[in-house]
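Student: Can you walk me through this one? I'm new to it.
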Amino acid sequence: MDRLAGGPLQVTMRRIGILTSGGDASGMNAAIRAVTRTAASMGVAAIGFERGFDGLMTDTWIELNARSVSGIVELGGTILKTARSELFRTEDGRSQAAAVLRHDGVDGLVVIGGNGSQTGGYQLSRMGVPVVGVASTIDNDMYGFDYTIGFDTAVNTAVDAIDRIRDVAESHDRVFVVEVMGRDNGSIALEASLATGADIVLPPELPFSLPAVITRLRDDIMARKKHHVIVIAEGAGRAQDLAAYINANLPVECRATVLGYVQRGGSPTRFDRILASISGEAAVVALSENRSGIIVGMRDGHVVLQDALEAVTRRSPLRPELVKLLGRVSI
Ligand code: F6P
């Protein structure tokens, strides 16, 4: 931080590019703002490529400056728009992107996104383009970080929804299966379950059997527990299918609710805004220090510069202490 306040930093960058890519996540705008303003404070210009790597390859961008990013820290989504680019997965697409950056005089690129986007950023860095990533995905599935931008907001949204569903479950003595996002990862399911006291949580990382779910419900019903909330991550199965199976195997009323994209949008929590601001600032400082092929985020309360290849190739496990806690309290 004190380096920004006038330390001995050698700034050779004149212009940086910023893009947001992959699934949007609340807090991306706060990151765009922090990157732009940190650059401005160093006398570095910023441009924002639109629609992720697609905008980079087609050279579609807007100028960003300290004033143009006013009033966005509290906004969900991304003012730069986002996309999952198929063309950028090809070598031709990436060569095109590198040529655009050279043509535009961009000295470094900040990629704000999750695993797929950071894989793209890493590949670009291997072609000699200075690239620093900012870890941002609601899935919280990036190796090397405790939390990624957007996860906290998504979990809070899921918690709010599950609390409401519990009211209905209690009033009607019903079983509810709530499906939350998480294609390959059960972070949202795990933390939302812990925070709401859900009865059963089914993340993709922990194998489960359908008969075991029925046995657990049957035991609970025998013990006079009349309502249940089951949280399933989308990567572990579909809520409708599980609800149908429960209805077919137990004398209960079971309903399914898919939370879906409400988890992706909305005003970011204070946690996501600050995480995004810290990460955005650190990304620009890293670029100015000629770092590349890294992703910025937080671990153990500190900013870390994580090797990008390791981050995108290693699996991020569920936090073991939370899994253990769930085993104790969700009985
Ligand atoms: O990457 C976040 C995520 O929300 C996943 O959990 C989900 O499977 C996926 O994005 C769906 O995104 P889209 O429909 O935008 O491709």
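Tutor: Start with the shell around the ligand: its residues divide into three nonpolar, one polar and five charged. Here Ala, Val, Leu, Ile, Met, Phe, Trp, Tyr, Cys and Pro count as nonpolar, Asp, Glu, Lys and Arg as charged, and the others, Gly among them, as polar. This is a predicted model: local features need pLDDT of at least 70, side-chain atom pairs count only at pLDDT 80 or more, and totals for chains, interfaces and linings use all residues. Residues are numbered from 1 along each chain as its sequence is written, and side-chain values use heavy atoms, leaving out hydrogens and water.

Student: Which residues surround the ligand?
Tutor: Arg84, Ile138, Asp139, Met181, Gly182, Arg183, Glu234, Tyr261 and Arg264. Each has a heavy atom within 4 Å of the ligand.

Student: Which polar side-chain atoms lie by an oxygen atom of the ligand?
Tutor: One belongs to Tyr261, at 2.4 Å. For Glu234, a side-chain N or O atom is 2.6 Å from a ligand oxygen. For Asp139, the distance is 2.8 Å. A polar contact is a pair of N or O atoms within 3.5 Å.

Student: New topic. How is the chain divided?
Tutor: Into domain 1 (2-150 + 268-315) and domain 2 (152-264). The bounds come from an automatic or database domain assignment.

Student: How many residues are in contact there?
Tutor: 16 residues of domain 1 touch 14 residues of domain 2, with contact meaning heavy atoms within 4.5 Å. The domain centres, taken over C-alpha atoms, are separated by 35 Å.

Student: And where does the ligand lie?
Tutor: Between the two domains, because both give residues to its shell.

Definitions and conventions
Polar contact = N/O pair within 3.5 Å; in protein donor to acceptor, adjacent residues only side chain to side chain.
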